[in-house]
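Reader: Please take a close look at the aromatic rings in this model. I would like to know how they pair and where the partners sit.

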Amino acid sequence: MKKLLTILLTTSCLFVLAQNKSIPLELKATRTTSQIKIDADLNDDAWKSASKFTNFVEWRPSFGKIENDKNKTEIYLLYNDDAFYIGGYCHEPSVDSISKEFIGRDQVGVNDFVGVIFDTYNDKINGFGYYVTPLGEQFDAKYSSNGEDGSWNSVYETQSKIVKDGWIFEMKIPYAAIRFVANPNQTWGVNITRKRVKSGKQLFWNPVNPAIGGSFLAQFGVLKEINNIKPPVRLSFSPYLSFNANHYPYNNPNQKNLTSNINGGMDVKYGINQAFTLDMTLVPDFGQVQSDNQVQNLGPFEIKFNENRSFFTEGTELFGKGNLFYSRRIGGFPINFGNSYNSLGANDSIIKNPIETKLINATKISGRNTKGLGIGVLNALTATQNAIVLDKTKGETREVETSPLTNYNIFVLDQTLKNNSSISLINTNVLRSGNTYDANVTAGLWDFYDKKNNWNFNGKVAISNLIGYENAGKTTTGLNYAVGFGKVGGRFNFNVWQELCNDKYQQNDLGYFTNNNFFDNGLWMAYKWLQPKRWYNRIQVNYNFWYSMRTTPLDYQNLGMNINVNAQLKNLWNVGFNIWYNPKSNDFYEPRVQGYVFKRPTNWGLGFWANTNEAKKYFTNFSFYAANRPSIQGFGFETNLFNQYRFNNNFTVSLSNYVDVTNNGKGFADYQGNEIILGLRNRIVAENILNVKYNFTNKMGLSFRARHYWSKTQHNEYFTLLKDGTEIPYITNEDIGHYNFNVFNIDMTYTWQFALGSFININWKDASSFQERQLGYFNNLNKTLSSPQNNSFSIKIIYFFDYLNLRKRS
């Protein structure tokens, strides 16, 4: 009876704390002078006096429910002059209750985990998270008003050990891996989370109510009496040495089939002061990043690719504000690529025209001071790029500039305010040598919450300037603004928004931007069921509506609406469906010529998806979508099937199959003289990706990825598009706009972390393409595999030097 009363009283107290985030849990930090060996053994005497985190509370699926004794969580914390030490005992009924696999650093997979998150500025917006799995693997993250940045990396130590009734870990987080101020007595926000994958449960030490809006850091506990710790000299060097070899069968006397080179460079990280860090990459080598997922693009806008270069993904959360920065612009496609073709004479041919520019160096400075002001500066310089043109009659070559020497810069100020609010100023600037135009964009942002984090008011105003774009010496100025208001707390949420962009605004030189000249309004509403019931853990229903016009002239573009439902079932399956409807619309971009409009017919569709319990050895994800255009008897569907099987903790194989079929779709086909030709077409797209992963240990692994993409487009009827949107039949015997496009890639990488922060990476890439017509998927695959292959092989050694460790050794 006494035990039951204690449980009820503890649960009631925690529930009150969860409902009233103004009363966070508090814990005093314990300083130690004892030596602690990171070996996943909690028998060191120092742990007996450590600060202890207990009585963890469910976040999902049953918020407010306290953990039971069979799977209780015991976390210990100590600190000294150099680091924080975290130890933990994660109890389980048996070893079989632990979900684990070797997945590699900075990935979660199906692993259980424990993470400690520090809000060192105690501003309830910014935080640093350090996580460990039962097999001792790490992932870390940085938190801000932009959400979680999993690309951020730090260097810390972890060890884990599985025992008969759970798993134990130890973690050492040196102060060089944390940013904090130098006050003699500090109070930080803190929370510790634990995920138990097989049960579908995730818990926090300080309860985090999913019905409360804003950042989850606003619901953290308090770590008090952190005394007399000082930010150390944060200086580290990561020099690298790489060997690269590339083979492609040009079979051309003017070009070598096999080329090779040796490169060297360095990444430098320096703590300018207690809050700000300088990151610099000198002569970088990004040859081992994963190949882009190339596709056939039939639309009027460019494809946006993922950023895989670590320098541009790590610690860049400040630069992502306002959606003005697309890092692939740096070192990307040459801006004057077509100049080499425009300069060709009758006897000329191009023997080399690189599709990427060379990055010379890049530097970024970022951090946040004691008053909550975040400052970020990123600067990068790319070299002049030239194409090489051969005069076949004289046997001479000449260079044609395709991209000038270019400097890219982004500057950010972000001031945190009370109630999880913030205001920001962002400026992006691109300066090019010579006659190519320059570009500048400046934007102000605000994001305000009320005291209870129930209501939000946000917005943006941006001004763009293109200098010398239309005429030398002339500046073209554009305007873009967005504003939104909504309810973010509770089970019912909504947001009403508006965005305007005039026909002069442009942010494409350092950002990703499809089109300007629009005036959009929209509404989003959602309702959530957060407490588990008989057959589900949680459900959310969403409704979206939008209406779009042009600004110049002010005329209708499109409107649409959709309803979607997402749910997690009791067996930890996730399921959902959606329905959408888009009435007739005016597409001013599909014709590719200003002044024309393509009148799209009404279309509607529905879809559903489901994925099984990811903790099982076999995991599958399936989705199906179908769309209908009744006015032209058009129909299409797409389906995606993902299968994964974990043979053991080390070995996993997955296969993704994607198919998109469109019948009687209509769109741009070609230009014929001054006429715009539309086509009624059938299209099929198939993409298959095979992933094989074998991890030898938690610091050594091998990954293999093969991807084949096939797209076939066949036009059946043609139409001439008139300016008012009228279409008249176009009769021709030519094959216009028929495409058959194949791409095949292999990325295979061996990684060994041989010392703290130090790696040996061995990489092999294979790439080929094929564009001649073939019938059937397997004929296309065979022809692609038998096409000329571009093979590259590289070895890269990176060694991490920490100034403090070097000083101690000396």
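Author: A residue is called buried when its relative accessible area is under 20%, exposed when that area is over 50%, and partly exposed in between. The model is a predicted one. By the latter scale Phe494, at 18% relative accessible area, is buried, while Trp455, at 36%, counts as partly exposed. The ring centres of Trp455 and Phe494 are 6.0 Å apart and the planes meet at 75 degrees; since an angle over 60 is the criterion, the pair is edge-to-face.

Another of them joins Phe84 and Trp188, which are tilted, with 5.3 Å centre to centre and 50 degrees between the planes. Because Phe84 lies in strand β5 (residues 83-91) and Trp188 in strand β12 (residues 185-196), the pair ties together parts 104 residues apart in sequence. Phe84 is buried, with a relative accessible area of 0%, and Trp188 is buried with a value of 0%. Both residues belong to one aromatic cluster, whose members also include Tyr79, Phe118, Phe128 and Trp152.

Some rings have a charge as neighbour. The charged end of Arg432 is placed over the ring of Tyr437, at 4.8 Å from the ring centre. Over the ring of Phe719 sits the charged end of Lys666, 4.4 Å from the centre.

Definitions and conventions:
Residues are numbered from 1 along each chain as its sequence is written. This is a predicted model: local features need pLDDT of at least 70, side-chain atom pairs count only at pLDDT 80 or more; totals for chains, interfaces and linings use all residues. Side-chain values use heavy atoms; hydrogens and water are left out. Rings of Phe, Tyr and Trp (its six-membered ring) pair if their centres lie within 6.5 Å; planes under 30 degrees apart count as stacked, over 60 as edge-to-face and the rest as tilted. Helices (H or I, at least four residues) and strands (E, at least two) are DSSP runs, numbered from the N terminus. Buried means under 20% relative accessible area, exposed over 50%, partly exposed in between (1.4 Å probe, protein chains only). A charge sits over a ring if NZ of Lys or CZ of Arg is within 6 Å of the ring centre and within 35 degrees of the ring normal.
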